[in-house]
Amino acid sequence: MYLSSQPLADRMRPTSLDGYVGQQHLVGEGAVLHRMIDSGNASSFILWGPPGVGKTTLAQIIANKLNRTFYILSAVNSGVKEVRETIESAKKQKFFDQPCPILFIDEIHRFSKSQQDSLLAAVEKGVVTLIGATTENPSFEVISPLLSRCQVYTLKSLEKDDLLALIDLALKKDSLLKTLPVKIEETSALLRVSGGDARKLLNALELVIVADLDKDGKPAEDIVITDDKVLERVQQNLAMYDKNGEMHYDVISAFIKSVRGSDPNAAVYYLARMIEGGEDPLFIARRLVILAAEDIGLANPNAFLMATSCYNAVHAIGMPEGRIPLSETAIYLATSPKSNSGYMAIDSALAFVRETGNLPVPLHIRNAPTQLMKDLGYSKNYKYAHDFAGNFVDMEFLPDSIKGTTFYHPADNAREKDIKTRMEQLWKGKYI
């Protein structure tokens, strides 16, 4: 009978490196974390990578292998009080001459500055060995004093071979699945649904298999896994919003397109879906910054300022208050005039540079810090724009072979119409 309250992903969590799949650049023979385990000594470090790639599992394996006491805190549920209580417990072990315990903090990027500050002394004095896990760039989310005391190791999304190996292991090793007549005919949908995330892969596999069991937990016939079956079963069982699942991508896509499409009501609706579903508010704020630059751009430059201010505000005040600047910014961006001219200009220029390579910069606008460079004509005949009427002088800035090339095309909005008029007046229609 198929009965288990423990998800397959938890049941399959390995306890040693022998069963650990992926991240060979860190745990393979001779790699840095493998050497750390072999040496019996662990220094504080931060694991940075996407969800479901083995950060928590790796921390537990290291603690088990080194025979260390293992404390685990989640930045979502723990504060300074819990951190201090854990550190006090760790200090008491010193009386028994035990090696310092490992303190694992999941989602350490969600700790405030004061919470991270509370860790500093314990890490500095070796009271605990800190292992942090984060899906966000620690350069931005972890305070500098703490970051300087930790190495940062980057984990990658699992590759196709890793994911296939996990499926094979689950069917052969899991105490429940190995008793069932499961046949894998197609794996593309499972791999696609996983997005390189082991947890999503295994939970989707279990979901599809369990759906073919009767009320007694027995299969009526062989359980055949096909792409169509995976997509049908997974979609039927999606929650309103799963921040680690397929709906994450659907809802953020709908949010972005609603803002781009100038629909503030839809934008706020999808924003509410994400907030209610527990989405990281900084993820939403970052998308608003990108939207402001990509889709509103020069039609309303204040949009970018508001979006960056929103990100800083959400970072400083957190939730639930952060929902207010998120809402205001989403509405402001949705109701702003739109232009992607800046986005199109840089992509056009990048494509052009890749095709043409490093064309020589005209001599008259080159830097001339030495006399030899001046003798060679560097900066010769350069005209300083502020010495001329209107702070403008007609002078060529592009390489000779691409004179007159245009990358920026003003869009049809009030702000850029003014830009176009000014450029036409200055350059006499030369570029625009």
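Biologist: Is the crossing of α9 and α11 right-handed or left-handed?

Modeller: In this predicted model, the axes of helix α9 (residues 160-173) and helix α11 (residues 198-210) come within 10 Å and cross at roughly 45°. Because angles from 65 to 115 degrees count as roughly perpendicular and those under 35 degrees as roughly parallel, this arrangement makes α9 oblique to α11. The hand of the crossing of α9 and α11 is right-handed.

Biologist: Which residues of α11 make the contact with α9, and what is its make-up by class?

Modeller: On the side of α9, the contact is made by Leu163, Leu166, Ile167, Ala170 and Leu171. By class, the contact of α9 with α11 has no polar and no charged residues, but 10 nonpolar ones. From α11, the residues taking part are Ala198, Leu201, Leu202, Leu205 and Ile209.

Biologist: Is aspartate 295 buried or exposed, and which residue's side chain does a polar contact join to that of aspartate 295?

Modeller: Aspartate 295, which lies in helix α15 (residues 281-296), has a relative accessible area of 9%, and since buried means under 20%, it counts as buried. Leaving aside residues up to four places away in sequence, aspartate 295 touches Ile290, Lys338, Ser339 and Asn340 as well as Arg260. The polar contact, at 2.8 Å, joins the side chain of aspartate 295 to that of arginine 260.

Conventions. Residues are numbered from 1 along each chain as its sequence is written. This is a predicted model: local features need pLDDT of at least 70, side-chain atom pairs count only at pLDDT 80 or more; totals for chains, interfaces and linings use all residues. Side-chain values use heavy atoms; hydrogens and water are left out. Helices (H or I, at least four residues) and strands (E, at least two) are DSSP runs, numbered from the N terminus. Buried means under 20% relative accessible area, exposed over 50%, partly exposed in between (1.4 Å probe, protein chains only). A polar contact is a pair of N or O atoms within 3.5 Å; within protein, one must be able to donate a hydrogen and the other to accept it, and residues adjacent in sequence count only if both atoms are side-chain atoms. Contact means heavy atoms within 4.5 Å. Axes are lines fitted to C-alpha atoms, for helices over the stretch in contact, and angles run from 0 to 180 degrees between N-to-C directions. Angles under 35 degrees count as roughly parallel, over 145 as roughly antiparallel, 65 to 115 as roughly perpendicular and the rest as oblique. A crossing is left-handed if the near helix is turned anticlockwise from the far one by less than a right angle, and right-handed if clockwise. Ala, Val, Leu, Ile, Met, Phe, Trp, Tyr, Cys and Pro count as nonpolar, Asp, Glu, Lys and Arg as charged, and the others, Gly among them, as polar.
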